Amino acid sequence: MAERVQYEELMRQFSAFGAVKREIGRIMPSDCPSGSAAVLTLLGRFGDMRMSKLADLLAVDMSVTSRHVAHLAERGWIDRSPDPADKRSRIVHLTPAGLARLEALSERTTQLLAERLADWSDEEVAQLTGLMARLRASFDDSRLAALPPRLPPPAPALEPTTRTPAST
């Protein structure tokens, strides 16, 4: 088990990670803020779903989810239809325009990561990806467990690199 000082440093790194999220947020187009991008991403990953499930996955109140969904529907990126099993509920799904928007957002984010991590080896990127997935799993996000992913799962982490990290 890690020493307390290591967990304290990990907490400092979590706090500093906000800068990464802010920079990713800055490259998003003004008509697609982060909440809207999150809805598109979830629909792209898991497919059509009830608004209540979307709110659960976003970990936000239904009113917040409704605002995001309305914003996206106004732009033609998603459609809402009655749930055949419960007419009071709505099913949300991506439109072709929404899928195109999601692909464009993904391309922007991928390009930013490629630029910022250009001096990282493929193994280091894979290792970070694997460790982040493991961290998320350690917190057992049961909201995602009920939905099968539509996209293929990430590749397994590669063996740790022998390269010595640069000191900071």
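Which residue forms a salt bridge with Arg 4, and how far apart are the closest N and O atoms? The partner is Glu 8, with the closest N and O atoms 3.0 Å apart; a salt bridge here is a side-chain nitrogen of Lys or Arg within 4 Å of a carboxyl oxygen of Asp or Glu.

The model is predicted: local features need pLDDT of at least 70, side-chain atom pairs count only at pLDDT 80 or more, and totals for chains, interfaces and linings use all residues. Residues are numbered from 1 along each chain as its sequence is written, and side-chain values use heavy atoms, with hydrogens and water left out.

**Figure 1. Overview of the chain.** The chain has 8 helices and 3 strands, which are DSSP runs numbered from the N terminus (helices: H or I, at least four residues; strands: E, at least two). Along the sequence these elements follow the pattern α-α-α-β-α-α-β-β-α-α-α. Of the 168 residues, 26% count as buried; buried means under 20% relative accessible area, exposed over 50%, and partly exposed in between (1.4 Å probe, protein chains only).

Figure 2. Arg 4 and Glu 8 both lie in helix α1, 4 residues apart, about one turn of the helix. Arg 4 is exposed at 64% relative accessible area, whereas Glu 8 is partly exposed at 32%. A nonpolar surface patch of about 810 Å² is made by Met 1, Tyr 7, Leu 10, Met 11, Phe 14, Leu 135 and Phe 139. Patches are made of residues with over 30% relative accessible area and no salt bridge, like charges being joined within 9 Å and nonpolar side chains (Val, Leu, Ile, Met, Phe, Trp, Tyr) within 5 Å; accessible areas come from the Shrake-Rupley method with a 1.4 Å probe, and for residues only the protein chains shown count as cover. Helix α1 (residues 4–16) gives the most to the patch, with 4 residues. Tyr 7 lies in this helix and is partly exposed, with a relative accessible area of 38%.

**Figure 3. The three-stranded sheet.** The 3 strands form an open antiparallel sheet in the order β1-β3-β2; two strands pair if DSSP finds at least two bridges between them. Strands β1 (49–50) and β2 (78–83) stand at the edges with a single partner strand each, so one side of each is left without a neighbour in the sheet. A hairpin joins β2 to β3 through 2 residues, and 6 bridges link β2 to β3 (residues 86–94). Pro 82 has Arg 90 as its bridge partner, while Asp 79 stands opposite His 93. Arg 88 and Asp 86 form a salt bridge, with the closest N and O atoms 3.0 Å apart; Arg 88 is exposed at 74% relative accessible area, but Asp 86 is buried at 17%.

**Figure 4. The largest nonpolar core.** This core has 21 residues, of which Leu 40, Leu 43, Leu 54 and Ile 78 touch the most other members. A nonpolar core is a set of buried Ala, Val, Leu, Ile, Met, Phe, Trp, Tyr and Cys residues joined through side-chain atoms within 4.5 Å. Helix α3 gives the most to the core, with 6 residues. Not counting residues up to four places away in sequence, Ile 78 touches several residues, including Leu 40, Leu 43, Val 69 and Val 92; contact means heavy atoms within 4.5 Å.

Figure 5. Asp 56 and Lys 53 meet in a salt bridge (3.8 Å, N to O). Ala 59, in the loop between α4 and α5, has a phi near 60 degrees, a positive value in a residue other than glycine.
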